[in-house]
Structures are given as C-alpha cells and as structure tokens.
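Here is a protein model to explore together. Have a look at the chain below, and then let us walk through a few of its parts.

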Amino acid sequence: MARASFQLAGHTIAPGKRLQIDVPVARLYTHTPLHIPVEVVHGRRSGPVMLVCGGIHGDEINGVEIVRRVLRAKAITSLRGTLIAVPVVNVFAFLQQTRYLPDRRDLNRCFPGSESGSLGGRIAALFREEIVDHATHIIDLHTGAIHRTNLPQIRAQLSPGSETERMADAFGAPVVLNAELREGSLRHYAQSRGIPVLTYEAGEALRFDEWAIAPGVRGVLRVMRRLGMLSGEQRRRSPAPAEVANGSSWARAPIDGILRPKVRLGARVAKGEVLGKVADPFGNDEDDVRAIADGIVIGMSRLPLANEGEALFHIARFDAIEEAETAIESFHSSLTPPPDSLY
C-alpha cells in the first residue's frame with residue numbers, strides 16, 4: 001500500500017519528495033512580507049515525523065548551520081518517515097541579530113501562543129499550528145546567550161525508559177541536564193502534548209562554533225538512526241556515554257570589575273576552587289570567583305566586564321564526576337569534523 005502524502009501549511013509533499021515552503025508570518029513596516037523557511041523531506045516508507053528547528057532566539061545561529069548540514073547529509077536520501085527542517089523560527093529577531101522580538105518578548109516563553117495576543121504569542125501560535133503539531137519528535141537547537149558560551153549539552157526532562165531518554169542517549173552530547181520545563185517554552189508545550197523533545201545547547205550567540213556545529217549534526221543523525229528513520233551504520237565511532245547532571249548552579253561575580261578566567265569550558269572543578277579573578281582597572285580591589293560545588297564547567301561568560309552578582313561560570317554537578325570528565329575528554333578528542341559528505 002502506497003504511503004500517503006504529507007500535508008504542511010497548505011502544501012502537499014508526495015512520498016519520496018522534498019519541498020521548501022515559505023510559511024507567511026507577518027509583514028515589516030515597509031509592507032515587505034516575512035516567512036518562516038521550512039523544508040520537508042517526506043520518505044517513501046513510514047516512520048516518525050522529526051522536527052529539527054533553530055533560531056527560536058534570533059542571535060543563536062549555530063542551529064541554522066546544523067539544519068543546513070542535516071539537509072545536505074546523504075543519509076536522508078533513504079529517509080523513513082518525515083523530516084521537517086526549520087533553520088530560522090524567529091525571523092524578526094534573526095534579521096536584527098538579536099535574541100528578542102521587536103516587542104522585547106522572548107519567543108521561547110510565548111508557547112502555546114494566541115492568534116489574538118502579542119507578536120510573540122501570534123508567531124508561537126502560527127508555528128505551533130502549522131508545524132509543531134505535525135511532529136512526533138523534536139530537536140530544538142540553541143546556543144548560549146550573548147557573550148556566553150555553552151559546552152555541547154542536551155537539556156531534557158528525563159524519566160527512565162522514556163522516548164526522551166532514548167533520544168538523549170542516542171544524541172551523544174558529553175553532558176545531559178535533566179532540566180525542569182520552563183513555562184511558555186517550546187519544550188514545555190511539546191511535552192504537554194506527549195511529544196518527546198531535546199534541547200541542544202552549544203556554543204555562543206552570533207558565532208559559528210565548529211566544535212558545537214559538527215557534534216550537533218552528528219547528534220541529530222544519531223537520533224534519527226535510533227528512531228529507525230535512517231538506515232546503515234554511522235561511520236564514526238560511538239561517543240562515550242553521556243553523564244546526566246543532577247543539578248547546576250552559577251558562580252557569580254563577587255565585585256564589579258574585569259574578569260580574568262582561570263579555567264576553561266569543560267574543566268572539572270572542586271568546591272572552593274578559584275575559577276577566575278575580578279579586579280578594578282587599577283588592580284586595587286581584587287576578589288576571587290570560587291566554585292560553589294564540585295562539578296564541570298558547562299557554560300561561562302565570554303565578556304571580561306562583570307557587575308557584582310553577574311553569572312560567570314555555570315557548573316553542573318554529577319554523582320559520578322569521573323565518568324562525566326571521561327565523557328568530556330572523549331568529546332574533546334573527537335572534535336576534528338569530517339567533511340559534509342561523510343555525515
């Protein structure tokens with residue numbers, strides 16, 4: 001029996017075909033129309049419907065490149081199921097190279113949205129109705145905020161034996177945060193609908209970080225293989241199993257001043273260890289930034305200017321910290337990416 005065509009945003013995609021769609025979202029002041037760009041790859045054989053999206057925050061551009069490379073991967077030519085790829089969700093913010101919408105709302109706090117609400121609410125409602133509600137699985141791609149960088153990590157609400165845990169295990173990020181759901185986020189909405197979703201966090205806003213992009217591409221394809229959407233074996237060795245963090249916290253600036261970091265992203269630190277020093281421009285006043293727990297540095301500020309109380313180092317805590325350190329070392333050793341043709 002032939003597989004049915006796939007319907008999305010008023011378009012029909014036949015089995016074995018792929019189609020680029022522009023979903024109308026709004027108009028600029030100049031009357032210029034804006035669209036959310038979407039590409040649908042509809043396999044000849046049945047399987048899950050995977051949504052991979054980037055750019056919910058307009059300055060988080062690593063996800064845009066991850067989506068592009070996934071769409072170029074040779075493996076998806078024999079896709080089972082359907083891939084919905086959205087490189088840029090928040091087109092307003094992407095054009096302005098900013099995290100937020102013009103009304104200063106965070107789109108990832110606007111779900112499920114409302115057709116008669118704020119600009120953020122309307123875009124969230126449109127994206128939900130036209131795209132998200134068609135998916136059976138979601139991978140949402142993010143980076144650190146402006147002037148912050150993140151070690152590649154998965155954030156998800158995990159429960160033993162769940163589909164979400166299965167996806168997180170397959171992805172191959174060195175760290176998994178068992179993170180609570182945030183009201184209004186895409187992840188919160190998807191989980192409420194029973195759709196398993198991973199958030200991939202890696203790199204820095206407004207930067208292409210190859211060490212974050214290449215593992216992201218491999219991770220998406222690994223998840224698709226685990227779900228039976230791709231055939232064949234991956235050509236790279238499997239990463240070390242990720243360790244699940246049981247919590248995280250930020251070390252903050254003790255005084256106003258200029259930060260000189262002493263540790264790198266991914267470093268193992270001990271409670272009380274000096275992570276950096278903050279001093280005024282003359283060096284008259286200086287204070288240490290200290291770790292408040294044993295753990296791994298999974299995020300840090302890239303801006304050396306710090307106000308008292310500002311978050312500077314994000315530290316994840318693990319029950320098995322040696323295993324977490326091994327997973328991160330294994331990740332660092334595999335950072336030389338293959339060409340696009342090998343994904």
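Let us begin with Leu259, which lies in strand 13 (residues 257-261); helices (H or I, at least four residues) and strands (E, at least two) are DSSP runs, numbered from the N terminus. This is a predicted model, in which local features need pLDDT of at least 70 and side-chain atom pairs count only at pLDDT 80 or more, while totals for chains, interfaces and linings use all residues. Residues are numbered from 1 along each chain as its sequence is written, and side-chain values use heavy atoms, with hydrogens and water left out.

Is Leu259 buried or exposed? Leu259 counts as buried because its relative accessibility is 5%; buried means under 20% relative accessible area, exposed over 50%, and partly exposed in between (1.4 Å probe, protein chains only). Leaving aside residues up to four places away in sequence, Leu259 touches Gly276, Lys277, Val278, Val289, Pro304, Leu312 and Phe313, where contact means heavy atoms within 4.5 Å.

Two strands pair if DSSP finds at least two bridges between them.

Strand 3 (residues 17-27) and strand 4 form a hairpin with five residues between them. In that turn, His31 has a positive phi of about 75°.

| Strands | Bridges | Partners |
|---|---|---|
| 13 and 18 | two | Ile258 and Leu305 |
| 4 and 6 (residues 80-86) | four | Val41 and Leu83 |

Finally, step back to the protein chain, which has seven helices and 19 strands. Its radius of gyration is 21 Å, close to the 20 Å that the globule rule gives for 343 residues, so the chain is as compact as a globular protein of that length. That radius is taken over C-alpha atoms, and the rule is 2.2 Å times the number of residues to the power 0.38. Along its principal axes, the C-alpha trace spans about 75 × 50 × 35 Å. Of the 343 residues, 52% count as buried.
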